[in-house]
Structure formats: structure tokens, C-alpha cells
Amino acid sequence: MAVSSQKVTKNRRGSNSNNNSWIVKQARGILPPVVALLVFLTIWQLLCLPGSEGLPGPIQVVQGAWDPFIINPFFDNGGNSKGLALQVFASLQRVAIGFSLSAIVGVGFGILIGSNKLVYRSLDPIFQVLRTIPPLAWLPIALAALKDNGLAAIFVIFITAVWPILINTTVGVQQIPQDYINVKRVLKLSNKAYFFKILLPASLPYIFTGLRIGIGLSWLAIVAAEMLRSDVGIGFFIWESYNNAYLDRIILALIYVGIVGFLLDRSIAFIATKIVAEDLK
């Protein structure tokens, strides 16, 4: 019985030790950014004291945007009078469509271009020219062709995100080791087997790198496009707040934009770690 009691005590001590080490590890990861954030907010508040002109401090932002934008982000009064959560959701819908199209086209054309040297030499110069055009420069063309603000915004997202996906996919296919290609020839693999067993797995790290860049650019593009031509969305909300001199609402919206952009990037990175052997974080 004494031996059994000692084992139980040791197990409990080991469990407590593991719990403590986990807590310490989490604290080390959380405390530095929390402290940095508190320092930043303190400096910001000291530079923007109540009653001073210019930007509001964090306390004034909370006070000005508290009701309804902070406590009720899901309110809907009809038209474009919506809470920030609904504005973000409207923008995310456009991003989802535009980014999905860019992923399909970018990965598909990237594999084609990377696998065929003639196609690469023919199309690469054209793509290199097109990708240097600023995304918002496409907006007037999209509006003239599509006659719809929402579709034009989706096109701007697509044309912004497709280039990093396409280029990274092309590079990934071109970087497949020659030994892998020799294996295909020796084993006489079919094109289908080569695609799924060699080409796609070897290219995935590059593809997900392009996807991460593309999702970030998509979020940047939709905010800018909605500021110019939209009737709902986080970009529209920022521009409308600026026109009405609601700086507190603009700052709150920027916080939403930053958090959503971070979560989008982390989502792609998380999916990558589950699919790709190499950690892309």
C-alpha cells in the first residue's frame, strides 16, 4: 500500500509539474504582446488627452463608439445602417468569392505554366506586366464592363490575389527535383499518378505560400475597393464615417480590419500545417 501511495504521489507531482510548465509556456507567449499593447495604449492616450484636437484617444474611442458599435456589432436598421460585424461579413463574402476564383485560376495556370517551358516563355512576360498594375487601377475597367459595384469589387480581389498564387505555383512546379521526374520515367507513371503522387505534393509548400500572400492582398483590396464604390462593407463603413467626421468609428473599424486580416492569414497557415509536411508558419 505504501508503494502504491508513493506512485500516486509521484504521478500527481508529475501532473502538476506538466500543468505548471504549460501555464508558464502560455504566459511567455501571451504576456509580451499584452504588455506591449498596454504600453502602446498608454502612450496613445497621453498623446490624445480628452479635449485636445486631432485624433481621439482609446478612452474617447470607446466612449464614442460604445453604443451601438461596440456593444451591438450585429444591429441592422436596414439599408447600409448595419453593425460592424455585418459590415465585415459583407466584405468577407466578396473576399471568399474573389479569392476562391483566384486560387482556382492561379493554381491551375501555375501548374500548366510551370510544367510546360513553351507556355512559360509565352505567357510569363505578359503576366509580369499585368501583375505590376495597381489593383485599384482595374476598378474603372471592371465597373465599365460589369456594371455592378459588387461584381467589380470581386474582380478587383481576383486580379489582386491571382498573381502571387500563380507565380508561387509556377515556381513550385519548376523547382521539382530532377530525381522525382526520373522516378516517373523509370516507373512509367501515368500523368494522373505523377500529378497526385509527385507534382502536387512537391508544389504544395509554394502553393500555400502564394495563398497566404493572396488572402492578405484580397483583404487589402476589398477595403480599398469598397471605400471607392460600394453601399455596404467595412471599406464603405470607414469612408462613410470619414465623411461624417466619426474618427472613433474609423479607428474601431481599423481594429476589426486588422483582426480579421490576421485571422485569415492564420487560417491559411493552419490548413497548410495539416496538409503540408513542412510547417509554413
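**Entry 1: a cut-off before I start.** I call a residue buried under 20% relative accessible area, exposed over 50%, and partly exposed in between. I also remind myself that this is a predicted model.

**Entry 2: the overall make-up.** I counted the elements and got ten helices and zero strands. The chain has 281 residues, and 36% of them count as buried. I then looked at contacts between residues at least 6 apart in sequence, and 66% of these join residues at least 24 apart.

**Entry 3: helix α10.** I picked α10, which covers residues 247–275 and has 29 residues. How far does α10 reach from its first C-alpha to its last? I get 42 Å, close to the 42 Å expected at 1.5 Å a residue. Next I listed its buried residues, among them Asp248, Ile250, Ile251, Leu252 and Ala253. Further along α10, the buried list also includes Val257, Val260, Leu264, Ile268, Ala269 and Ala272.

**Entry 4: α2 against α10.** For a pair of packed helices, I need the angle between their axes and the distance between the axes. Helix α2 is residues 58–70, and its axis lies 8 Å from that of α10, at an angle of about 75°. Angles of 65 to 115 degrees count as roughly perpendicular, so α2 is roughly perpendicular to α10. By class, I find seven nonpolar, two polar and two charged residues in this contact. Which residues of α2 meet α10? I noted Gln60, Val61, Gly64, Ala65, Phe69 and Ile70. On the α10 side they meet Asp248, Arg249, Ile251, Leu252 and Tyr256.

**Entry 5: salt bridges.** Side chains of opposite charge can pair when their charged atoms come close. I found four salt bridges in the structure, and I wrote up some of them.

One of them pairs aspartate 76 with lysine 82, with the closest N and O atoms 3.2 Å apart. Is lysine 82 buried or exposed? Its relative accessibility is 19%, so lysine 82 counts as buried. Aspartate 76 has 44%, so I put it down as partly exposed.

Another pairs aspartate 265 with arginine 212, and here the closest N and O atoms are 2.8 Å apart. This pair links distant parts of the chain, since aspartate 265 sits in α10 and arginine 212 in helix α8 (residues 191–228), 53 residues apart. Why does aspartate 265 count as partly exposed? Its relative accessibility is 21%, and partly exposed begins where buried, under 20%, stops. Arginine 212 is buried, at 16%.

Aspartate 265 also has arginine 266 as a salt-bridge partner, with the closest N and O atoms 3.5 Å apart. Arginine 266 is partly exposed at 31%. Shared partners join Arg212, Asp265 and Arg266 into one network.

**Entry 6: isoleucine 43.** Last, I went to helix α1, residues 2–47, where isoleucine 43 is found. Its relative accessible area is 46%, so isoleucine 43 is partly exposed. I also checked the spacing to glycine 57, which is 14 residues away along the chain, and the two C-alpha atoms are separated by 9.4 Å.

Key. Residues are numbered from 1 along each chain as its sequence is written. This is a predicted model: local features need pLDDT of at least 70, side-chain atom pairs count only at pLDDT 80 or more; totals for chains, interfaces and linings use all residues. Side-chain values use heavy atoms; hydrogens and water are left out. Helices (H or I, at least four residues) and strands (E, at least two) are DSSP runs, numbered from the N terminus. The expected span of a helix is 1.5 Å times one less than its number of residues. Buried means under 20% relative accessible area, exposed over 50%, partly exposed in between (1.4 Å probe, protein chains only). Axes are lines fitted to C-alpha atoms, for helices over the stretch in contact, and angles run from 0 to 180 degrees between N-to-C directions. Angles under 35 degrees count as roughly parallel, over 145 as roughly antiparallel, 65 to 115 as roughly perpendicular and the rest as oblique. Contact means heavy atoms within 4.5 Å. Ala, Val, Leu, Ile, Met, Phe, Trp, Tyr, Cys and Pro count as nonpolar, Asp, Glu, Lys and Arg as charged, and the others, Gly among them, as polar. A salt bridge is a side-chain nitrogen of Lys or Arg within 4 Å of a carboxyl oxygen of Asp or Glu.
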